[in-house]
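Hi everyone, thanks for making time for this one. Let me put the structure up, and then I'll talk you through it.

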Amino acid sequence: MCNCALAESYRTCLHRTCLHRTWKTLACNESMKPDYDLFGKTAFITGGSGGLGNAISNILAARGAHVTIFARRPGPLEDAKNEIVRNCVDVDRQEINAVAVNMADASAVSEAFRSQPRIADFLYCCAGGNHAENGFFIDLKAAQLDSCMTNNYYSTAYAAKAILDIWVENDKKPTGIDMPNNTTTGPKTRKIVFANSAAAFLGLPGSVAYTPAKSAVRALADTLRFEVLRHNSSSTTYTIHIAFPADFISPGFVLEQDTKPDLTKRIQGTDVATLAELEKKFPSSENVARGIVARVDKGDFIICEDSLAASLLFTNMIGLSPKRGLGIVDSLLSVVMGCFVVPVLRRRWERMCREDGSNQSR
């Protein structure tokens, strides 16, 4: 099956699946809190019209949250909003909104956030992708490098900046003064969650525009984790979280198969002909979303819940990020990865790149 047919097969499958999803069941999965604990809370999700952002939106709505999704295209936004409404716990008590906005326009993002009837308690940054910017550095145009950084880093940074500005301004108001429709009372917990990518941990040939953008998001999260401590008080706690999912099935992932070089596919293991083969090898966006939300509930900063490979790669690039748990396992694995696994991986990729170059020159 050609990639175009594969993408069409995925879209058909996705539409059929959406008609029968039961997100309330997913939200009550054993890895999630079983009660509707987010009544009165408000979540903003960028990139909420599809893929991971849409899956997270449905999970939060099924736990009682008010949800506002942001994306560029009005049509998919409206479809996603209708799906979220169907999966609300109590549609009369929950407010679901969809806002069309260019997430790469800082002033437009700020205006869109400020125009909402409620201040968000949580921001999930899920916008991004790179299906139009795959390829080797020598083959890409400068405009593609710019658009990939804009779509993945700036669209994330602008959203985080906009909500943090709103939160800090709100904290400076006298106690009890809030936006009219905000129902949150008592101490506030405010969370920014970056849905990033395991690509931040490695330089993947053929994704040379994407990996720097995702590395930049990782650096942003690491830095913000420190900076928000300046704003914590007895009434407000700020937390930062960042997820590094590996490859998973989503509309964007399927579209990327059209533009990835063959070398990249061989490295990733995505050089297959059918959607069914991809689905056997990689998790769904719904499964990845459940893992991310569950780890955010537990307060984790680093989230590599969906992939052992991503979890291992993190231990080789810990830096100033806090280690997970007590830190013992991450410390031990970092030695194993640095001394044994990564050198083998690096040499394998070097060999694959040389062979690919030789084949292209014939």
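First, the ground rules. This is a predicted model, where local features need pLDDT of at least 70 and side-chain atom pairs count only at pLDDT 80 or more, while totals for chains, interfaces and linings use all residues. Residues are numbered from 1 along each chain as its sequence is written, and side-chain values use heavy atoms, with hydrogens and water left out.

So, the overall picture. The protein has 13 helices and seven strands; these are DSSP runs, H or I of at least four residues for helices and E of at least two for strands, numbered from the N terminus. Of its 362 residues, 48% are buried, where buried means under 20% relative accessible area, exposed over 50% and partly exposed in between, with a 1.4 Å probe and protein chains only. The accessible surface is about 16,800 Å², and carbon and sulfur atoms hold 55% of that; the areas come from Shrake-Rupley with a 1.4 Å probe, and for residues only the protein chains shown count as cover. Now take contacts, meaning heavy atoms within 4.5 Å. Among those between residues at least 6 apart in sequence, 74% join residues at least 24 apart.

On to the cores. A nonpolar core here is a set of buried Ala, Val, Leu, Ile, Met, Phe, Trp, Tyr and Cys residues joined through side-chain atoms within 4.5 Å. Which members of the largest one touch the most others? Out of 46 residues, they are Phe-113, Ile-163 and Phe-194. Elements giving two or more residues to this core include helix H5 (106-114), strand E5 (188-195) and helix H13 (328-361). Helix H6 supplies the largest share, with 10 residues. Leaving aside residues up to four places away in sequence, Ile-163 touches Phe-44, Phe-113, Ala-120, Leu-123 and Ile-192. There is also a second, separate core of 31 residues, with Leu-38, Ala-65, Ile-69 and Ala-195 among them.

Next, the cavities. On a 1 Å grid over the protein atoms alone, a cavity is a set of points where a 1.4 Å probe fits but cannot get out, and lining residues have an atom within 4 Å of a point. Points are joined across faces, edges and corners, and volume is the space filled by probe spheres set on them. How many cavities of 30 Å³ or more does the structure hold? Two. The largest has a volume of about 40 Å³, and its lining includes Thr-42, His-66, Glu-95 and Arg-118. Strands E1 (42-46) and E2 (66-71) each supply at least two lining residues.

One record item: an unreviewed UniProt entry lists residues 325-345 as "transmembrane region". Such annotations may be inferred rather than shown by experiment; feature names are shortened, and positions follow the numbering used here. In the model, that stretch is 86% helix and 0% strand, with its end C-alpha atoms 27 Å apart.

Arg-290 sits in helix H11 (residues 285-298) and is buried because its relative accessible area is 14%. Its C-alpha is 7.4 Å from that of Ile-59, 231 residues away along the chain. Glu-350, in H13, has 36% relative accessible area, so it counts as partly exposed. Ser-233 lies in the loop between H7 and E6, and at 39% it is partly exposed too.

Thanks, and happy to take questions!

Methods. 1 Å grid on protein atoms, 1.4 Å probe; cavity = no way out; pocket = protein on both sides within 12 Å on 5 of 7 lines; lining within 4 Å.
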